[in-house]
Amino acid sequence: VISVEALPAEHGDCLWVEWDDGPYRRRMLIDGGPGTRNSLPPGLKARFDRQPADPAAREFELVVCTHIDDDHITGLLPLLSAPPEHFSTRDIWFNGHRHMGGRDTLGARGANLLVDRLTDSGLPWNRAAEGGPIVVPDDGPLPVFTPRGLRLTLLSPTRARLDKLLKHWPDPRDTTADGDQDLLGPTADDDGTGHTGLTPERLAEIITDRPYRPDRNPANGSSIAFLAEHPDGSRVLFGADAHAETLVESLGRRWHGGGFPVALCKVPHHGSAHNVSSALLGALDCRHWLFSTNGGRGHETRLRSGRSTHPDLAAVARILLHDRQRGPGATLWFNHRSPSTERYRDPSLHRCGLRAAEYPQEGTEGITVLVRGTTVVRGQLPPL
Ligand SMILES: [Zn+2]
């Protein structure tokens, strides 16, 4: 079993992942979501509060900071500088400036702080790669890492994507850079939908009207993304904010001919239209799609004025119409209720490839998805 808890993390990602390893329960954390430097973000704090305060229950195999954007990195800063009682981790994955061939002297604010913390603290840093970058080499087999009880196959970043980030390393004085770019990707498309009803015809039109254009944001392209496989056959793709092209290329190295079976996919980049291509959908055989987003910054205004939000309607339309062709349709999992996620409640969507849309229980935020082999259900692992 792999349990994926998409904690409420506003416009970012914060995934608390657990799995069984014989009689033991193991865990990893992927990103910390947005937050402040000094205290844990509310979703992560509440999750630690629910976790028994003993060393075994708070030992992580791995903490991953997928990339330098605020909505992924900031919540990790307080975790590492003022950790909850008994927190420990056997490794931390983060590609800093030094892993791109530069020196860690000038960087985005969050990245600088994380580098300082990792350098000063003696915490394990990219131990899996002997301190080097967590990166997919240009040729040969994909790197495989084995935290206890799980097998991780690295899909992103490639060397070329890491180099690109070094060339476009954000200026720390630019306070507007990360968040907005992250929401919009390279272009702010008008998805023209507002609150109008959704029909199969409308979805098909949206796809035709808005041809796919790839994400060119170098920070997103540097995302650490991987496949997690459990001995019971459970398989989850953690897409971070990775570029679809990188994922497709890497999946092709693992599995020729497309349709790689994955029970659950954490959709890259909060469901941006620029990170969900038909090539990516074709590379996977997947019916469960997890979106970590509250709609993105300014989503209510954006939606009202007909501009794109997270997830982007074009991305969801591609997923639905793709899974509809293959049957029996797609299940969408959301960790927040917001106007941009709740529009997929519309029952007419069952005609266009939607099997189910799953939301947090009434009065709560965040969602837990249990993957057992090819079965994917809502649920909770039994308490420790
Ligand atoms: Zn993001």
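Me: Which residue in S13 does Phe238 stand opposite?

Reply: Phe238 stands opposite Lys266 in S13. Helices (H or I, at least four residues) and strands (E, at least two) are DSSP runs, numbered from the N terminus. Two strands pair if DSSP finds at least two bridges between them. Here strand S11 (residues 235-238) and strand S13 (residues 264-266) are joined by three bridges and pair in the parallel sense. As for the basis of all this, the model is predicted, with local features needing pLDDT of at least 70 and side-chain atom pairs counting only at pLDDT 80 or more, while totals for chains, interfaces and linings use all residues. Residues are numbered from 1 along each chain as its sequence is written, and side-chain values use heavy atoms, with hydrogens and water left out.

Me: What is the order of the strands in the open sheet of eight strands?

Reply: The order is S8-S9-S10-S11-S13-S15-S16-S17, and the pairing is mixed. Strand S8 (144-145) and strand S17 (354-358) are at the edges with a single partner strand each, so one side of each has no neighbour in the sheet.

Me: Which strands does helix H9 touch as it packs on the sheet?

Reply: Contact means heavy atoms within 4.5 Å. Helix H9 (residues 244-254) touches strand S9 (151-156), strand S10 (225-229) and S11, and its direction makes about 130° with that of S9. Such angles run from 0 to 180 degrees between N-to-C directions, the axes being lines fitted to C-alpha atoms, for helices over the stretch in contact. Helix H12 (residues 313-326) lies across strand S15 (288-291), strand S16 (330-334) and S17, and runs at about 150° to S16.

Me: Which residues of helix H7 are buried?

Reply: Buried means under 20% relative accessible area, exposed over 50%, and partly exposed in between (1.4 Å probe, protein chains only). In helix H7 (residues 200-209), the buried residues are Pro200, Arg202, Leu203 and Ile206. Down the axis of H7 they fall within an arc of 165°, so they line one face of the helix; the arc is that of the directions from the helix axis to the C-beta atoms. Glu201, Thr208 and Asp209 are exposed residues on the face turned away from the buried side of H7. The cover over the buried residues of H7 includes H12.

Me: Is Leu354 buried or exposed?

Reply: Leu354, which belongs to strand S17, has 4% relative accessibility and therefore counts as buried. Leaving aside residues up to four places away in sequence, Leu354 touches Leu320, Ala330, Leu332, Tyr344 and Leu349.

Me: How are the rings of Phe334 and Tyr344 arranged?

Reply: A pair of aromatic rings is described by the distance of the centres and the angle of the planes. Rings of Phe, Tyr and Trp (its six-membered ring) pair if their centres lie within 6.5 Å; planes under 30 degrees apart count as stacked, over 60 as edge-to-face and the rest as tilted. The count comes to 13 aromatic pairs. The centres of the Phe334 and Tyr344 rings are 5.9 Å apart with planes at 15°, so the pair is stacked. Both Phe334 and Tyr344 are buried. Phe334 also forms a stacked pair with Tyr359, at 5.2 Å centre to centre and 20° between the planes.

Me: Which residue lies over the face of Tyr359?

Reply: A charge sits over a ring if NZ of Lys or CZ of Arg is within 6 Å of the ring centre and within 35 degrees of the ring normal. Arg345 lies over the face of Tyr359, at 4.3 Å from the ring centre.
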